[in-house]
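Let's work through a few exercises together. Have a look at the sequence and the model, then try each task before reading its solution.

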Amino acid sequence: MTEFDLPHYTQQLAHQARDASRKLVSANGNQKNDWLCRMIELIRERTPELLEANEKDLKQAPEYGLTEASIDRLKLTDARLQGIVTALQEITALPNPIGEIIGSNMRPNGLLVTQVRVPLGVVFFIYESRPNVTIDAAALCVKSGNAVILRGGKEAFHSNMALYGLLQQGLKDVGLPEQSVQLVETTDREAVGHFLKLGNLIDVTIPRGGKGLIERVAKDATMPVIKHFDGVCHVYLDQAADSELAVSITVNSKCQRPGVCNAAESLLVHADIAKTIFPQVAAALLEQGVELRCCPRSMELINDGQLATDDDYATEYGAMIMSVKIVDSMDAAIQHIHQYGSGHTESIVTTNLAAAEKFTTEVDSAAVIVNASTRFNDGGEFGLGAEIGISTDKFHARGPCGLNELTSYKYVAHGAGQIKQ
């Protein structure tokens, strides 16, 4: 890497992003969709180059002490590149949010007041490991009229640089400002601190990574932050749970891809089904290689497991480990979720409609799911095309952040000479 004058470099990128954002405001939906379609072509054309760059990152992964889950998030394959293409196709098919009239009313004095959707402006996006997020974030930001500064992790540097080259070429090919998407080309961690001071140029920061990163960004940022905190997600097996659904939903929630934020980390079981359904679920998890960290009551019902500590119930493992607790009531389950959860995703398995309604009403998380896997809390699965993150905040954006969550609004009033009396 060349030497960077970080204060100058970060300000330069932010100023360029601000200028690009002002030009993007007037870009029409067709032009932005042309760029997304061009990106699909480029990814298909350059697949061998992208995989070659990713292989460099994978070879260096041991130097960074990455976990198995982190290496899995880092890896690009033909199938994952096709997943990126599919996400781009879905984003292309979504309506252009900018200029949408959210609401309007005609005042008694004849003034027409409209509430119009507008971009946030400049987004500073910090993320780790997953190079596919580079494309998702760029696509969502540009289609929603925002310029974005991407700061990926050093472990994905070669992959991100290769993808960034395609993003720049695509913008140039369709006539959009090339600075609409910029990648921070230094791995110096101090660069983040300099960007976080630029609240006069950057409208929002979105950190997507470990808890330490997000806490540091929330503490140091001089602009609003959309936070994506821990994914301590729960599956609750209600006393009216169907046994087959209990097994399939729990196993899928934990094992389908254990390193992601919407994978279940904790299993709560109503005492009434502890001796009947829980052993079936536990056996299926153990067969998949899941290590169970159990409360004393659940330990007595299975042949393999270890005693859970209090910390286990608040831990996002990101691995094939799951905490287990038997509870005497739904109220106890909800209390446990509120005490140990992170407000991300919770699922209930039940055949009782009233129980489902109580759970969805009283559980305070970004997504609450009935009789389906926690893995469905995802922008693509929820019809957003993709996501720039899953917010555990409550203000402005909550849950998967897609196009609409990257916008704000302004009021536009049309008059015919009215003056204030």
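**Exercise 1.** Find which strands helix 7 lies across.

*Solution.* Helix 7 lies across strand 3, strand 4 and strand 5. Next, take its direction: helix 7 runs at about 155 degrees to strand 5. Here helices (H or I, at least four residues) and strands (E, at least two) are DSSP runs, numbered from the N terminus. Axes are lines fitted to C-alpha atoms, for helices over the stretch in contact, and angles run from 0 to 180 degrees between N-to-C directions.

This is a predicted model, where local features need pLDDT of at least 70, side-chain atom pairs count only at pLDDT 80 or more, and totals for chains, interfaces and linings use all residues. Residues are numbered from 1 along each chain as its sequence is written, and side-chain values use heavy atoms, leaving out hydrogens and water.

**Exercise 2.** Work out the strand order of the open sheet.

*Solution.* The four strands follow the order 5-4-3-6, with parallel pairing (two strands pair if DSSP finds at least two bridges between them). Now look at the edges: strand 5 (181–183) and strand 6 (204–208) each have a single partner strand, so one side of each has no neighbour in the sheet. Further in, five bridges join strand 3 (residues 122–127) to strand 4 (residues 147–151).

**Exercise 3.** Which residues of helix 6 meet helix 7?

*Solution.* T134, I135 and A138 in helix 6 meet N160, L163 and L167 in helix 7 (contact means heavy atoms within 4.5 Å). As for geometry, the axes come within 9 Å and cross at roughly 30 degrees.
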